[in-house]
Amino acid sequence: MPHDISWDEYNAAQAGRPPRASLGAALDAVAGRADRPVEEVPGSGRVAVDVGCGEGVEVTALLEQGWTVHALDGEGAALDRLVARTPTGARQRLHVRRVDYGELDALPDADLVHASYSLPYCGPAHFDRVWAAVRAALRPGAVLACQLFGPHDDAYGDPEMTFHTADEARELLNGLEVVSWTEEDADGSAYTGPKHWHVFHVVARRPHA
Ligand SMILES: C[S@@+](CC[C@H](N)C(=O)[O-])C[C@H]1O[C@@H](n2cnc3c(N)ncnc32)[C@H](O)[C@@H]1O
């Protein structure tokens, strides 16, 4: 993300889009079946954490399915909009926290940790601590869905971001069962215009035992 637009502008523009495919993949993994419609995945009583949730499109989808959701982001305005649009009946299951990656060292225990296009924007000085918090939040059997960025990405070299080679990304997943791993290394588009993406789309599960 070039620094000539604000996260608030980016996040506000996400309102109304469908939930990201990473959420569907994560819920398929939670349900244990790849062919089960997302609407049929029971969320009642389950806890999800969305790290870097932005506008909270995926948070809203999880709330609608009965999940309790902890939504974290560094941008307070997006979190305020998320709370404001959440129906009263679901608000008691929504917990928002405005936190910068620089201060994030623990997350609530969860059955699902979702972090779409957010962890690469954690700088190298903080990434290991934030990743450790993500790993520690995973209950036995819990699912993690996230994107990590590789060295071919147009943003590579941004000192405020963290990038991983495929081997390094795989190493981060040591001890987890990799449910799906897709490497995207292609020209595409971003909010700010054309972009070359190098992204590892990951869904992984903490083993039960
Ligand atoms: C590309 S957006 C992704 C948002 C959302 N998960 C999505 O899929 O649309 C990256 C998010 O990371 C958040 N972010 C960027 N730097 C941050 C930081 N240092 N601490 C906390 N959040 C940060 C931004 O506010 C933004 O919401």
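**View 1. Helix H6 packs through its buried residues against strand S4 (110-115), strand S5 (138-149) and helix H7 (166-172).** Contact means heavy atoms within 4.5 Å. Helices (H or I, at least four residues) and strands (E, at least two) are DSSP runs, numbered from the N terminus. The model is predicted: local features need pLDDT of at least 70, side-chain atom pairs count only at pLDDT 80 or more, and totals for chains, interfaces and linings use all residues. Residues are numbered from 1 along each chain as its sequence is written, and side-chain values use heavy atoms, with hydrogens and water left out.

View 2. Phe127, Val130, Trp131, Ala133, Val134 and Ala137 are buried in H6. Buried means under 20% relative accessible area, exposed over 50%, and partly exposed in between (1.4 Å probe, protein chains only). An α-helix has 3.6 residues a turn, so residues three or four places apart point the same way. H6 covers residues 124-137; at 1.5 Å a residue, its 14 residues should span 20 Å, and its end C-alpha atoms are 20 Å apart, which agrees. The expected span is 1.5 Å times one less than the number of residues.

**View 3. The largest nonpolar core has 31 residues.** Val51, Leu107, Val113 and Trp131 have the most contacts inside this core. Strand S1 (47-51), S4, H6, S5, H7 and strand S7 (193-205) each give two or more residues to it. H6 gives the most, with six residues. A nonpolar core is a set of buried Ala, Val, Leu, Ile, Met, Phe, Trp, Tyr and Cys residues joined through side-chain atoms within 4.5 Å. Leaving aside neighbours within four places in sequence, tryptophan 131 is in contact with Leu119, Leu144, Cys146, Leu148, Leu172 and Leu173. Apart from this core lies another, of 21 residues, among them Leu27, Ala71, Leu79 and Val143.

**View 4. Helix H2 (21-31) is mostly covered.** Nine of its eleven residues are buried. Among them are Leu23, Leu27 and Val30. The buried residues of H2 pack against helix H3 (57-64), S4, S5, S6 and S7. Just after H2, glycine 32 takes a positive phi of about 80°.

**View 5. Aspartate 111 lies in strand S4.** Leaving aside neighbours within four places in sequence, aspartate 111 is in contact with Val30, Arg46, Val47, Trp67, Arg139, Ala142 and Val143. Aspartate 111 and glutamate 184 are 73 residues apart in sequence. Their C-alpha atoms are 27 Å apart in space.

**View 6. Glutamate 183 lies in strand S6.** Glutamate 183 is partly exposed, with a relative accessible area of 41%. Leaving aside neighbours within four places in sequence, glutamate 183 is in contact with His198, Val199 and Phe200. Glutamate 183 and phenylalanine 200 are 17 residues apart along the chain, with C-alpha atoms separated by 4.6 Å.
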